[in-house]
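Reader: I am new to this structure. Please show me how to read a few of its features.

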Amino acid sequence: MNPKLNLLQPYPFQKLRQLLDGVTRNTKLTPVELQIGEPKHPTPDFICRALADSMDGLSVYPSTLGVFALRNTIAEWIKRRFNLTEINPDTEIIPVNGSREALFSFAQAVINTDDVRPVVVCPNPFYQIYEGAAYLAGATPHFLNTLPENHYQLDFSQLSADVWSRTQLMYVCSPNNPTGSVMTLDEWQKVFALSDQYGFVVAADECYSEIYFDETNPPLGALDAANRLGRKGFPRLVVFNSLSKRSNVPGLRSGFAAGDAGLLAKFLLYRTYHGSAMNPAVQAASAAAWRDETHVMENRRLYAEKFSTAISLLSAAANVQKPDAGFYLWLKTPVSDTEFTKRLYRDYNVTVLPGSYLARDAHDTNPGKNYVRIALVASPQECAEAMGRIKDLLTRLA
């Protein structure tokens, strides 16, 4: 077996199961599951119909690049959403089976192990796929701690010039999982400047880009930032996005990679061998989803409602802030994050995820320590009930 598999840590939800193993939950209360970022809003009917109506496509092998109709639909959506005048659907977009598989496989295509001690830079806390992708590609992850006192912005000074000189890939996540922070144009300019100086590739994870609270002010995206900064052709930049959160279809496994045409040509070559062509029926359903914004606006309305309730209920017991975007509440705990999680599960039948499971010890700290991630994915009624129980626990621990 590949010895690099031994470098992988258990996934956060496996750690959570181990933490709660043997803990008896309060069955007098109905359970509320807020630990995993799996959307629970109904999948729109028109997406299901488009999927069902395209089942005849199962009789043929799909191409890795996907059909032009889907790529063009994605291109039109990208132009509308990120204020671009052009993006080439033939060379600058690849449909992928959800952003997760593409974020992982991208590192396998990018990392050059002929170089000495290649590095992948990640934010901390982070989506654990970045770390696993780095290790299995033969690189070492190095972390940039994102902290509340700096509004969770990236502090590039945390890494030495030697580390930056060996960096081949940098993962960024905006809106961020788990903090909900959105990168500013100034931050993007610094990322691009470092990429220009050291020659590394930037992988921008934007799967939460469509969950925000002000319809007039959507989060800045990497392609938009590159365009504003005059970076024609998106040099060394590839963006990953997904329908899972936007359209409540996590089981559809559908997203895209977009950006630097030269990088995507090599990534496409890799994917041809990887066997990652998208199901033709899924392609048809995906095109239907990308064309419609009405259901996405309703999705945002529901999340805004839940955040309003959460902030209202919890603010009397904790210093809680609404994130810039996304559907996670990043809550500081008065006891250790693991102890808080266990008590909440045992006494209140609410499940959340310890923040330390989403981070690593780096620069003398674990930036997820004494935080929990609360995914506001359940119904508004369930979320309101859970927030009342969390408030009660916070009050007891004060």
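Predicted model: local features only at pLDDT ≥ 70, side-chain atom pairs only at ≥ 80, totals over all residues.

Reader: How are the axes of helix α12 and helix α14 placed, and at what angle do they cross?

Author: Angles under 35 degrees count as roughly parallel. Here the axes of α12 (residues 294-314) and α14 (residues 380-397) cross at roughly 20° and come within 9 Å. Therefore α12 is roughly parallel to α14. The crossing of these two helices is right-handed.

Reader: Which residues of α12 and α14 meet?

Author: On the α12 side they include Leu302, Glu305, Lys306 and Leu313, and on the α14 side Pro380, Met387, Ile390 and Leu394 are among them. Sorted by class, the contact of α12 with α14 has 10 nonpolar, two polar and three charged residues.

Reader: Where is Lys190 found, and why does it count as partly exposed?

Author: Lys190 has 43% relative accessibility, so it counts as partly exposed. Lys190 belongs to helix α7 (residues 185-198). From C-alpha to C-alpha, Lys190 is 9.6 Å from Leu154, although the two are 36 residues apart in sequence.

Reader: How many disulfides does the structure hold?

Author: A disulfide needs two cysteine sulfur atoms within 2.5 Å. The structure holds zero disulfides. For Cys122, the nearest cysteine sulfur is that of Cys173, 11 Å away. For Cys173, the closest cysteine sulfur is in Cys207, at 6.0 Å, which is too far for a bond.

Reader: Is Cys122 buried or exposed, and what about Cys173?

Author: Cys122 is buried, with a relative accessible area of 1%. Cys173 is also buried, at 6%.

Notes:
Residues numbered from 1 in each chain as written. Heavy atoms only, no water. Axes fitted to C-alpha atoms, helices over the stretch in contact; angles between N-to-C directions. Helix = DSSP H or I, 4+ residues; strand = E, 2+ residues; numbered from the N terminus. Parallel < 35°, antiparallel > 145°, perpendicular 65-115°, else oblique. Left-handed = near helix turned anticlockwise from the far one by under 90°. Contact = heavy atoms within 4.5 Å. Nonpolar A, V, L, I, M, F, W, Y, C, P; charged D, E, K, R; others polar. Buried < 20%, exposed > 50% of the residue type's maximum accessible area, 1.4 Å probe, protein only.
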